[in-house]
Amino acid sequence: MPKRNKASGANLIRFKLRNARIPDAVQSPRLTPQMVTSILRMNEEAVEESYGPVRSYVKNQLQSNKPIEDRSAQGHLVHGSASLFGVFDGHGGCACAQAVSDRLLSYIAVAMAEHDILAAINNGKLDPTTDLLQHIGDTNRLVNTDLATVHKQSLANFAAEAMAIAHFDGESVKDALVSAFLRLDRDIVTEALPSNLQGGSMDMSCYFDTLAIAFSGAVGCVAYIDGTDLFLANVGDTQAVLGVHNDNRWEAVPLSDTHNADNPSEVERITRCHPNEAPNIIKNRRLFGELVPLRAFGDVRYKWTKTDLKHLLNTKQIPKHVMSVFGDNLIPHKYRTPPYLDAEPEVMHHILTPKDKFLVIASDGLWECLSPDKVIQLVAGHLDGQQVLVNYKPNEGATLKEVNEVLSNRRVSLKNRALDSNTATHLLRSALGPDHGQVSAQLTLPQPIVRFYRDDITITVIFFDSEYIKDKDIKHTR
Amino acid sequence: MGTAGVKCLKITSPSIFSRRILPSTFRAAAPGYVKTRLFSTAEGDSPSPEPVSLATPPKPLPQQARVVVCGGGVVGLSVAYHLAERGWTDVVVLEQGKVTCGTTWHSVGLVSTMKATRTDMAMTRYSADLYKQWEAEGEGVGWKQCGSLNVARTLDRMIHLKRQHAVAKTMGVESQVVTPAEIQDICPVLRVDDLQGGLWIPGDGALTAPDVAMVFSRKAKAKGVQVIEDVGVEKVITENGRVSKVVTSAGNIKCEYFVNSAGLWSRELGKRTDPRRVNVPLHACEHYYLVTKPITGTNPLMPVIRDYDGYVYFREWNGGLLGGGFEPSPKPCFHQGPPDKFEFQLLQEDWDHFQVLLTEILHRVPAMETAEIRQLVNGPESFTPDSRWLLGETAEVANYFVATGMNSSGIAGAGGVGKQVADWIIDGRPSLNMWAYDIRRFIGHHNNKRFLRDRMQESFPATAVLKYPREEYTTGRKLRCSPLHTRQEVAGAVFGETMAYERAMYFKLDDDDSPENEDRRMWTYTKPMWFEAAQEEYWACKERVCLMDMSSFAKFELESASEEVVDFLQKLCSNDIDVDIGTIVHTGMQNKYGGFENDTTIARLDHNHFYMICPATQQSRAWTWLARHMPQDGSVHLRDVTSMFSGINIIGPHAQQLLADVSDISTSRSDFRPMSCKKIDVGSASGVWAMRLTHTGEDGFILYIPSEYALHVYDILMSAGKDYGVRNAGYYALRHLRIENFFAYWGLDLDDRTTPMECGRGYRVKFDKGDFIGKAALEQQRDHGVNKRFVHFQLEDYDVNLDLWPWGGEPIYRNGRNAGLTTTCGFGFALDSMVCLGFVRDFDDKGVEQILKNSNDFVMKDAKYEIDIAGTRFPAKPSIYTPKQNVTYVDPSFIPAPQKV
């Protein structure tokens with residue numbers, strides 16, 4: 001489901017009428033199989049570099065919103081051996097998700113940095129945006145230099161405060177992750193405060209950018225992998241599921257809770273913070289009847305004080321149309337005790353074992369189509385199909401019985417061989433179809449309609465190196 | 001040529017092949033090789049480099065030769081050998097690589113005589129006898145008479161084996177039906193607990209295939225045949241539709257005859273015929289077998305095992321075992337044509353593909369589980385659309401012969417095939433009825449590459465998979481459909497295919513899909529599920545009126561400016577076709593031996609304009625026969641109008657009234673005589689040729705309608721016929737009608753070795769009309785007696801619901817002595833008995849046909865008949881005329897019309 005339903009009902013009816021006269025899109029695909037495949041593969045990515053327990057990862061993305069509001073980012077910490085994988089799902093535009101994907105991993109890097117490194121940042125020897133984190137894979141980097149300067153300054157401030165107050169002690173990864181998330185959200189919220197404009201620290205266009213970021217929102221999930229330690233920090237309804245191979249069976253182990261109204265403890269958490277407001281806050285299973293996730297970056301409409309919001313409305317420099325997307329309801333109805341929303345992540349810690357074969361992180365667009373169990377089965381099947389080598393040759397001296405046993409197993413695996421070699425693409429195709437007619441119909445839905453059928457989908461699958469984990473495991477237990 | 005994508009493996013030694021094609025002289029010079037070990041190449045053997053060839057060193061190509069054979073495989077060499085044996089020694093064999101380098105060299109070398117039909121058996125037995133004789137003469141073909149054991153997992157397979165056994169018995173081929181316990185005794189390594197039984201053929205054996213080719217080559221060369229290697233045929237040039245010249249990589253050879261024995265390359269070679277290409281419909285397919293390292297305790301004389309319910313076969317191989325098979329879902333290869341250079345090469349082996357066979361192999365011979373692999377062999381072989389060999393003269397070019405498409409039984413077939421093709425070239429016809437292998441059984445569409453590739457899914461496994469009588473193919477269907485096809489489909493038609501033409505076999509009854517009919521089978525040895533439907537249609541033809549789609553029949557028009565066409569047809573036909581305009585004549589077209597080249601119905605439309613209808617299977621063959629005999633001056637025009645006209649047969653007692661209702665003409669017998677034709681209007685359609693005849697003996701009309709009007713005519717007849725109880729009928733009804741009525745059909749009962757005198761059609765031969773082809777032979781038979789006589793049998797003590805059915809090919813016993821085989825069989829609903837048609841012969845003790853001076857007496861006097869169905873002999877009542885049927889025709893007015901829906 002999209003976060004906000006802006007398309008009018010009339011549009012939908014018009015579309016349905018028109019649609020009723022044209023051939024069924026599933027029965028009469030409008031795309032050729034080749035076209036479907038090239039669309040599905042457009043954003044696919046596979047990185048086969050082994051790094052610690054991570055053997056490789058693949059990712060893919062399919063847009064529903066235009067432009068797409070999902071983002072993803074990956075990187076290694078330069079100091080240390082940890083890898084980071086993040087999937088972010090924006091709403092109300094892509095600005096916030098873009099900012100979070102640009103900045104969050106660096107914030108984590110700063111939060112993880114030890115004293116010496118923070119000191120080096122403070123005296124200018126290290127650039128916190130470039131020298132702490134090595135990005136891997138394709139990343140959409142922000143090009144607006146003014147904005148980058150603002151962001152960099154915020155990060156530097158974070159580094160300075162971290163050094164002064166509570167730098168990383170090498171132990172509490174969880175705390176570091178929480179502080180990075182919270183700090184980034186705080187920075188997003190404060191950078192857009194009207195006072196910044198009046199203080200003259202930003203020019204107009206740059207300020208508008210920060211506003212766009214702050215008024216849109218994003219949820220996200222970041223995996224922190226170091227040795228056999230796997231931490232998952234999650235905000236909102238992006239999910240991470242671990243594929244565990246146990247006694248020849250595949251098991252889906254969720255490593256995140258979704259923060260939405262389906263989660264009773266989340267609802268309880270919010271109502272506890274805002275006693276007596278319960279009926280006003282959660283309406284139609286949404287925050288103020290508007291927002292699906294109950295934790296998010298940005299979305300200052302639920303974070304700023306009423307005064308700040310009103311102030312913004314009355315600021316003359318801000319053209320009316322910027323705020324007009326919210327209509328007359330910039331301030332939610334019965335907005336009494338903000339903030340109602342924050343970006344504190346729920347962090348789960350999992351010790352990797354050789355049975356843990358892969359981790360799937362994906363935006364809710366995927367989980368709306370496929371259950372975690374189904375996703376794990378699909379990846380496992382795909383893995384199996386992928387692992388069979390094309391040309392089997394029996395070993396010298398093997399008996400026919402042995403050969404036949406190997407071949408029987410291969411037979412099952414060969415059945416799993418999929419059209420797409422990229423696991424994320426395979427999931428994407430399975431989520432939409434998998435039959436050609438269905439995929440074609442999904443991919444040809446017109447723009448105002450497509451959001452009613454599916455959300456943006458972003459999938460990252462991280463494959464673990466069981467040998468590495470086994471090795472670490474033994475050392476660990478010793 | 002798309003050779004880039006083809007993965008080929010050059011054999012590297014040591015392999016099982018490296019020594020298989022050494023010349024015997026080389027063997028003598030290499031002491032230490034025991035003959036049976038010769039092909040073993042145990043690990044310690046010195047690797048042999050390139051195979052050494054037997055052929056003569058390069059010498060200049062002859063300028064001309066009587067026969068040029070393209071292909072130095074076992075088949076091409078056998079043809080050359082047999083030509084030389086009969087004194088035709090001016091023969092050149094051209095091989096693009098080295099002798100045997102295509103597929104012969106990787107042949108497993110099984111020689112089985114137990115085949116589907118008597119002709120198959122006759123040919124393979126000839127091969128086996130020849131190879132055995134050579135081995136006895138010291139020619140060294142590695143012959144090992146180990147016998148073969150065909151085992152059955154299912155009862156149906158057992159019936160199949162028993163049917164083969166019954167036929168083998170009539171030919172003196174020794175075989176024995178054995179129980180699982182006996183199988184265990186004969187071959188202790190087999191698992192037998194899941195077997196129903198088997199057939200033991202002690203005279204079968206295995207040999208070394210390339211050696212056979214070498215002996216053919218050596219013996220042919222000794223008689224003067226030239227075998228030239230490293231010369232490829234680039235083009236075959238024809239003049240006036242005959243072979244004139246072969247263009248090779250080393251120069252041109254003028255020749256009279258050309259034989260395409262190019263195996264995998266045959267189809268491509270056929271295309272390189274100038275100016276008109278020759279269709280050689282075959283496709284390559286991967287064929288796998290596995291050879292193990294020696295297994296202790298393996299009996300060197302272990303029989304060849306065929307466990308075809310598991311798709312696999314076995315033979316002993318140098319102390320180890322060889323197991324291969326014909327799996328379903330095979331892998332066709334060389335779709336773009338084989339590479340030019342593919343000598344002593346195999347394809348990349350696909351173990352995963354082989355797994356299905358490996359499981360079956362290990363299942364049947366558990367002892368192989370601990371064996372180690374010597375090699376998995378993936379050798380391409382060529383297969384034809386119906387899994388039968390491609391032999392004989394092509395329809396496109398005179399004197400262009402083919403002997404190819406061996407469907408993985410090249411060694412077993414080579415001897416017999418070589419002999420038949422050599423006879424065919426020299427005598428103008430083979431010594432056996434070769435119609436089943438005759439390349440003219442195909443039409444152009446069969447050469448379609450995609451069709452061929454699709455059909456591989458059925459024709460490759462056909463060697464192993466049990467094919468029931470009349471079972472239809474499922475691939476390559478719906479190619480040629482009549483305009484009535486969709487109407488029939490809606491009416492519940494179940495289609496069969498002849499020459500790719502879809503024909504309704506029967507129309508489903510309402511309760512055909514009901515649960516109590518669930519167990520009944522379309523393809524079976526017993527009463528099939530279409531029986532009741534065919535019965536209904538049969539009675540509708542007998543008592544009411546039916547419409548049958550006859551569009552698949554081959555149709556020709558012949559015309560000339562003046563009398564030429566009459567003279568031409570008079571020469572070809574044994575009946576007198578110089579009849580009144582509007583008259584129809586049934587006539588045979590005889591060859592010089594009096595046999596039926598064609599059996600046709602000819603209507604004289606005008607003085608010099610004839611319309612000719614032939615069986616669908618004759619489309620290529622009839623054309624060829626007509627075209628080859630046409631006056632050279634081009635005065636006679638021949639047109640194939642098969643696709644132009646659709647045929648609807650209105651059959652049954654109400655046909656006369658029904659046609660009158662829709663055509664505004666009088667159809668009374670006096671106004672529209674039987675065996676006459678008129679051009680009439682039907683409904684609003686014009687230009688319909690109506691002929692008062694049926695092919696079953698009932699009254700009725702066949703309408704030949706310009707195809708675009710066919711649907712209109714059909715709809716008009718259907719609606720007008722409502723009150724007459726009109727319905728659709730299919731070919732099963734037709735077949736039952738005509739078998740009961742003792743109507744012989746060409747291709748099923750009649751062939752080019754059957755004369756009109758032998759099938760009771762002497763009355764259609766007009767000796768006094770002047771000369772015609774075959775006249776002398778028929779006069780000879782008229783005056784001195786015939787070789788065989790066509791007889792109508794009714795089985796007695798036979799239960800159509802319970803007993804196994806006869807399907808054609810069952811042995812006929814006269815006073816306990818074999819007298820031939822049945823041709824076609826079907827239930828006679830009016831006679832209420834199973835009817836078998838077949839030819840009765842008088843064989844002497846050596847199995848040679850005796851002349852029947854008085855065939856009527858021989859058949860009918862002092863003769864008790866039995867027909868052997870899978871080992872059970874049923875008494876049979878003979879008749880040489882159509883027996884009287886106990887059918888009373890009710891006055892049409894009293895037959896209730898079917899209820900309205």
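**Reading the interface of chain B and chain A**

Analyst: Across the interface of chain B and chain A, 11 residue pairs are in polar contact, both residues at pLDDT 80 or more. A polar contact is a pair of N or O atoms within 3.5 Å; within protein, one must be able to donate a hydrogen and the other to accept it, and residues adjacent in sequence count only if both atoms are side-chain atoms. This is a predicted model, in which local features need pLDDT of at least 70, side-chain atom pairs count only at pLDDT 80 or more, and totals for chains, interfaces and linings use all residues. Residues are numbered from 1 along each chain as its sequence is written, chains are lettered from A in the order in which they are written, and side-chain values use heavy atoms, without hydrogens and water.

User: How many salt bridges are there between chain B and chain A?

Analyst: A salt bridge is a side-chain nitrogen of Lys or Arg within 4 Å of a carboxyl oxygen of Asp or Glu. The count between chain B and chain A is four; among them, Glu349(B) pairs with Lys393(A) at 2.8 Å, N to O.

User: What area is buried between chain B and chain A?

Analyst: The size of an interface is often given as the accessible area lost when the parts come together. Buried area here is the accessible area (1.4 Å probe) that two parts lose on being put together, summed over both. For chain B and chain A it is about 1,600 Å², with 53% from carbon and sulfur atoms. Trp351(B), Asp352(B) and Gln355(B) supply 39% of the area that chain B buries against chain A.
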